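Let's take a walk through a protein together, one step at a time. Keep the picture beside you and look for each part as we come to it.

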Amino acid sequence: MPELPEVETVRRGLAPVMEGAVIARVEQRRADLRFPFPERFVERLEGARIAALGRRAKYLLADLDTGETLVSHLGMSGSFRIELDGGEETPGVFHIPRGKALAHDHVVFHLDGPKGRVRVTYNDPRRFGYMELLRREAMDAHPYFAGIGVEPTGNALSPDYLAARFRGKTAPLKAALLDQRIIAGLGNIYVCEAMWRSRLSPEKPAGRLVMQDGAPAPALARLVGDIRDVIAEAIEAGGSSLRDHIRTDGSLGYFQHRFSVYDREGEACTSPRCGDTVRRIVQGGRSTFYCASCQQD
DNA sequence: CCTTGAACCTGGGCGC
DNA sequence: TGCGCCCAGGTTCAAG
């Protein structure tokens, strides 16, 4: 389910119950997700206090007072849900009374925190997600984070930055935008949406958005603005919910109602007076949705 | 370095 | 109802 806006939505949902909480008990229901769990996973977590819940790209980061950080990636189908064990109803936290175990619940964190006793359950049907425990000072050097690109929400994403990274690239723009080594956090949905907003062809070689002297073509300034906007709007909307519920309280994000092209094959392009139809092509084994009339740059 | 394609895994939807 | 196929928000690895 998750690109950056969905992961950020999860982070915001979990933070009120996780920050400041002590991990009283962990139920690890299988030996692996996409990868094996780290050695002594349960032992290293139990008794630890969660200082802060952060995010880098599509990774959730729970900083522990043990000096380690619990890193989790939701893959394609991972989700967290919160269940309160009695205690008071908390504004902003959905109360799921008697949580019964669901298929594909793989890890249950029993927390003792500011909102009372809470269970945070990780569910992941496809098991493309993974968890890791890293010492904070070693995180940047870990393969998950070394060489990862800039956040699409920050100032580091600029036309000049993209020009430097795109220069000489023959790969299609779509592939370059999905490349986590360049921008970390974009996925298939928001890449399609950003390219449509910028009126850029997904098949255009990325290097052709760079001038001879290495300066960014004007389209890159547009693209940077549109990436920022679409990500910010999606976060604001609580992310997109396609096939699954993604929010920790069981409610749905609603950005999917604002898709211009993603998953809209055959529907009318929403650009005023366009009249064309959204098409789907396959690039690098993944669907690209776009409007061939609007996206010719 | 680059690119493509397959692999990982389960489930939902659709056509027959 | 059932079966087979295609598709899915991601990443990694092998091969050309």
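Predicted model: local features only at pLDDT ≥ 70, side-chain atom pairs only at ≥ 80, totals over all residues.

Residues are numbered from 1 along each chain as its sequence is written, chains are lettered from A and ligands numbered from 1 in the order in which they are written, and side-chain values use heavy atoms, with hydrogens and water left out.

Let's begin with the sheets. Helices (H or I, at least four residues) and strands (E, at least two) are DSSP runs, numbered from the N terminus. Strands of a sheet pair through backbone hydrogen bonds, either parallel or antiparallel. Here, two strands pair if DSSP finds at least two bridges between them.

In what order do the strands of the open sheet with β1 follow one another? The order of these four strands is β1-β6-β7-β5, and their pairing is antiparallel. At the edges you find β1 (22-28) and β5 (79-84), each of which pairs on one side only. From one strand to the next, the twist averages 20 degrees; axes are lines fitted to C-alpha atoms, for helices over the stretch in contact, and angles run from 0 to 180 degrees between N-to-C directions. Between β1 and strand β6 (residues 105-113), which run antiparallel, there are six bridges.

Another open sheet has four strands in the order β2-β3-β4-β8, with antiparallel pairing. Because β2 and β8 stand at the edges with a single partner strand each, one side of each has no neighbour in the sheet. The twist in this sheet averages 20 degrees from one strand to the next. Strand β4 (residues 68-73) pairs with β8 over six bridges in the antiparallel sense, and E68 stands opposite R135 in β8.

Now look for helix α1 (residues 4-18). Which strands of the sheet with β5 does this helix touch? Helix α1 packs on that sheet by touching β5, β6 and β7 (116-123), and its direction makes about 35 degrees with that of β5. Contact means heavy atoms within 4.5 Å. Helix α1 also lies across β2 and β3 (59-64), running at about 175 degrees to β2.

Next come the charges. Side chains of opposite charge can pair when their charged atoms come close. A salt bridge is a side-chain nitrogen of Lys or Arg within 4 Å of a carboxyl oxygen of Asp or Glu, and by this rule the count is 21 salt bridges. One of them joins R56 and E151, with their closest N and O atoms 2.9 Å apart. This pair links distant parts of the chain: R56 belongs to strand β2 (residues 50-56), and E151, 95 residues apart from it, to the loop between β8 (130-135) and α3 (159-166).

Are the two partners buried or exposed? Buried means under 20% relative accessible area, exposed over 50%, and partly exposed in between (1.4 Å probe, protein chains only). R56 counts as partly exposed because its relative accessibility is 23%, while E151, at 17%, is buried. Both take part in a network of salt bridges that links E8, R11, R12, R55, R56 and E151.

R81 pairs with E83, with 2.9 Å between the closest N and O atoms, and R81 and E83 are buried. E267 pairs with R264 at 3.0 Å between the closest N and O atoms; E267 is partly exposed at 37%, whereas R264 is buried at 14%.

Turn now to the DNA. Which residues surround DNA strand B? They are H104, P125, R126, R127, F128, K169, T170 and A171, where a residue is near a strand if one of its heavy atoms lies within 4 Å of it. Of the atoms of DNA strand B within 4 Å of the protein, 62% belong to sugar or phosphate and the rest to bases. A polar side-chain atom of H104 lies 2.7 Å from a phosphate oxygen of DNA strand B, while one of R126 lies 2.8 Å from a base oxygen.

Our last stop is S287 in strand β10 (residues 286-290). S287 is buried, with a relative accessible area of 18%. Leaving aside neighbours within four places in sequence, S287 is in contact with K174, N188, C192, R280 and I281. The side chains of S287 and R280 are joined by a polar contact of 2.5 Å; a polar contact is a pair of N or O atoms within 3.5 Å, and within protein one must be able to donate a hydrogen and the other to accept it, with residues adjacent in sequence counting only if both atoms are side-chain atoms.
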